[in-house]
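Walk through the model below, one site at a time. Keep the structure open while reading.

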Amino acid sequence: MTRIQLAAMIDHTLLKPTATTRDIQQLCAEAMREGFAAVCVNPAHVEYAAKILAGSTVAVCTVIGFPLGATTPSVKRKEAAEAIRNGAREVDMVLNIGALKEGNHDLVAADIRGVVEAVTALLPDGLVKVIIETGYLNHEEKITACRLVQQAGAHFVKTSTGFGPGGATVEDVQLLRENLTPEIGVKASGGIRTTGQALALIRAGASRLGTSAGPALLAGLQAR
């Protein structure tokens, strides 16, 4: 894998509550310099990041219902629509984890579908990634989550928020990839800090990586 290929799979991420506009400016500068797919920032920073990245190939991604997924469907829809209006091209929403675990699949699917509709109504080529927070789920729940994400029309399944238990694992990425049709992507996120780890997740089926260590991953690839 080349440096350019790896960079194009990375969502350069800064979701710390202490992030300042100066931090966002640095994040965007690094993303443009390295050729990352996107920056992933909290909703409060979307408009600022979009202004910095205007005219570049780097997309702005933000998070919806983050990090618990326990906000109501209507709030998630409004949050997603506002993010698109502010310049986001991709949203990473957290599904309703409690509803999934208790078997309320209609609510889970409707929750996701509402965000997909809100995004695509404003931006037909906008992407919706659904964070299923694998650390809370058993084997069957992960498979069910894949099915519901597909049924609801989202574009990616994402492993983790980075704020829950555990993070991206090769085993989880393989399981998700095996239970999704080819057009649905898998985003591995949570604790990705080394180049070897990143490459193993890609080999397992990840098509995006969410990480705050993007520049270090590229440096590690060059060193290899």
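This is a predicted model: local features need pLDDT of at least 70, side-chain atom pairs count only at pLDDT 80 or more; totals for chains, interfaces and linings use all residues.

Start with its largest pocket, which has a volume of about 450 Å³. The lining counts 19 residues. Closest to the centre are Thr13, Gly162, Gly191, Thr211 and Ser212. By class, the lining holds 11 polar, 5 nonpolar and 3 charged residues. Two strands each give at least two residues to this lining: E1, spanning 10–14, and E8, spanning 208–211.

E1 and E2 run parallel, joined by 4 bridges. Across this pairing, Asp11 stands opposite Ala38 in E2. Strand E2 covers residues 38–41. Which way do its side chains point? Ala38 and Cys40 point one way, Val39 and Val41 the other. In a regular strand, side chains alternate between the two faces of the sheet. Are these four residues of E2 buried or exposed? All of them are buried.

Now turn to Asp111. Asp111 sits in helix H6, which runs from residue 105 to 122. Its relative accessibility is 2%, and the cut-off for buried is under 20%, so Asp111 counts as buried. What does the side chain of Asp111 make a polar contact with? The partner is the side chain of Lys76, at 2.6 Å. Leaving aside residues up to four places away in sequence, Asp111 touches Thr72, Pro73 and Lys76, along with Met93, Val94, Leu95 and Asn96.

Notes. Residues are numbered from 1 along each chain as its sequence is written. Side-chain values use heavy atoms; hydrogens and water are left out. Buried means under 20% relative accessible area, exposed over 50%, partly exposed in between (1.4 Å probe, protein chains only). A polar contact is a pair of N or O atoms within 3.5 Å; within protein, one must be able to donate a hydrogen and the other to accept it, and residues adjacent in sequence count only if both atoms are side-chain atoms. Contact means heavy atoms within 4.5 Å. On a 1 Å grid over the protein atoms alone, a cavity is a set of points where a 1.4 Å probe fits but cannot get out, and a pocket is an open set with protein on both sides within 12 Å along at least five of seven lines; lining residues have an atom within 4 Å of a point. Grid points are joined across faces, edges and corners, and a volume is the space filled by probe spheres set on the points. Ala, Val, Leu, Ile, Met, Phe, Trp, Tyr, Cys and Pro count as nonpolar, Asp, Glu, Lys and Arg as charged, and the others, Gly among them, as polar. Two strands pair if DSSP finds at least two bridges between them.
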